[in-house]
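Trainee: I have a model open and would like to go through it. Where do we start?

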Amino acid sequence: MQRTFLKDLAEAAGVSVSQASRALNGKAEVAPEVRQRIHELARKMNYRNLSRQHTVTLAVLISWMDHFTASLFNALSREAERNGIRLAVISPQHLSMLDEWLFDGVILISGRILIPDWHERCRLPLVAVNSRGNLLDRIPGVFSDGGFSQAMEYLISRGHRRIAVVNPGADIPTRDGKRGEKAFRSVAGKWGLEGEARYLFYRDWADLEARLCRLLDEHYTAFLDVSCDNGPRLLDFLRDRGKQVPADVSLITYDNREVSAYLEPPLTTLAYDFPEMARSAIELMRRRLKDGSGLNSVRLLTKLTVRGSTGPAPSR
């Protein structure tokens with residue numbers, strides 16, 4: 001797409017370059033109708049002022065706030081500050097703000113809020129970070145390996161065969177879910193566990209409890225919960241049903257650094273490298289804004305940290 005300069009925008013609006021600049025920067029000495037016309041033309045002509053004096057402003061689209069999202073956003077904020085970039089959080093309910101404000105680019109965090117005509121409507125560079133959305137082919141991103149293979153291989157090495165992965169989002173067969181399920185089934189097939197290992201989605205905590213109760217009745221001995229937030233509740237749930245961790249059931253969750261290592265027993269976890277995810281996302285966006293490159297996605301590995309919530313499979 002051809003780059004639009006401030007002089008091009010001023011010429012299209014029939015105003016001076018200085019007046020166009022004042023309108024874009026919110027200065028008071030511009031008539032409201034002139035300001036509106038210049039902003040409309042800026043959106044239509046895909047104008048982004050990327051001069052050295054300009055502070056790049058990125059919209060961060062967030063569907064919900066949980067431990068993963070908060071940790072990633074904090075890492076993005078630190079990385080953006082180091083690069084002199086301003087961030088503004090936008091919720092799915094306020095996508096129209098992308099049309100009303102002059103953002104330079106958009107970062108999508110783990111959401112399902114993309115619109116089919118994204119490029120035609122918003123015309124903004126977009127980078128997705130571990131998105132659960134049905135991503136468009138032209139959107140680069142930063143994706144962490146879900147760690148399903150690591151967790152499965154470890155549990156199998158400890159003698160577990162009845163292993164279940166439970167993934168929040170029962171109503172959405174997401175791209176992340178499909179990718180994780182593929183890795184899960186690949187390991188299950190390798191070890192001949194197709195009839196025993198299970199991969200399940202759940203809607204909410206009540207649905208998760210019901211599914212876990214059925215799995216316990218079927219003598220499942222190991223669980224991987226794809227969540228950073230459920231660890232303490234899962235340990236309480238298993239105790240309330242008379243199960244000892246890890247003597248009866250082994251448990252792996254995603255890392256919540258505030259609590260995982262301090263629970264009883266300490267949780268075995270899969271951890272995201274949030275600083276590297278943020279660095280990669282900002283670098284992709286910088287390259288896209290500079291010359292349109294940075295279209296390749298970046299994949300990062302999660303880290304399995306073994307603690308006291310996993311052990312050998314119980315003998316029957």
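Mentor: With a definition: contact means heavy atoms within 4.5 Å. Keep in mind that this is a predicted model.

Trainee: OK. Which strands does helix α4 lie across?
Mentor: Helix α4, residues 67-82, lies across β1, β2, β3 and β4. Its direction is at about 150° to β3.

Trainee: And what does α11 lie across?
Mentor: Helix α11, residues 274-291, lies across β1, β3, β4, β5 and β11. It runs at about 165° to β4.

Trainee: In what order do the strands of the open sheet come?
Mentor: The order is β2-β1-β3-β4-β5-β11, six strands with parallel pairing. At the edges are β2 (86-90) and β11 (298-300), each of which pairs on one side only. From one strand to the next, the twist averages 20°.

Trainee: How many bridges join β1 and β2?
Mentor: Five, in the parallel sense. As for residues, Leu61 has Ile90 in β2 as its bridge partner.

Trainee: What is Val298 in contact with, beyond its neighbours in sequence?
Mentor: Leaving aside residues within four places in sequence, Val298 is in contact with Gly141, Val142, Phe143, Ser280 and Leu284. Take Ser280: 18 residues separate it from Val298 in sequence, yet their C-alpha atoms are 7.2 Å apart.

Trainee: New topic. Where is Ser260?
Mentor: In the loop between β9 (250-254) and β10 (268-271).

Trainee: Is Ser260 buried or exposed?
Mentor: Ser260 counts as buried because its relative accessible area is 2%, and the cut-off for buried is under 20%.

Trainee: What does the side chain of Ser260 reach?
Mentor: The backbone oxygen of Asn256, at 2.9 Å. Not counting residues up to four places away in sequence, Ser260 also touches several others, including Tyr254, Pro266 and Arg307.

Trainee: One more helix. Which residues of α2 are buried?
Mentor: In α2, residues 17-24, the buried ones include Ala20, Ala23 and Leu24. These three are on the same side of α2 because they cover an arc of only 95° around the axis.

Trainee: Why would residues three or four places apart point the same way?
Mentor: Because an α-helix has 3.6 residues a turn.

Trainee: What do the buried residues of α2 pack against?
Mentor: Against α1 (6-13) and α3 (32-44). After α2 comes Gly26, with a positive phi near 75°.

Key:
Residues numbered from 1 in each chain as written. Predicted model: local features only at pLDDT ≥ 70, side-chain atom pairs only at ≥ 80, totals over all residues. Heavy atoms only, no water. Pairing = 2+ DSSP bridges. Helix = DSSP H or I, 4+ residues; strand = E, 2+ residues; numbered from the N terminus. Axes fitted to C-alpha atoms, helices over the stretch in contact; angles between N-to-C directions. Buried < 20%, exposed > 50% of the residue type's maximum accessible area, 1.4 Å probe, protein only. Polar contact = N/O pair within 3.5 Å; in protein donor to acceptor, adjacent residues only side chain to side chain. Arc of directions from axis to C-beta.
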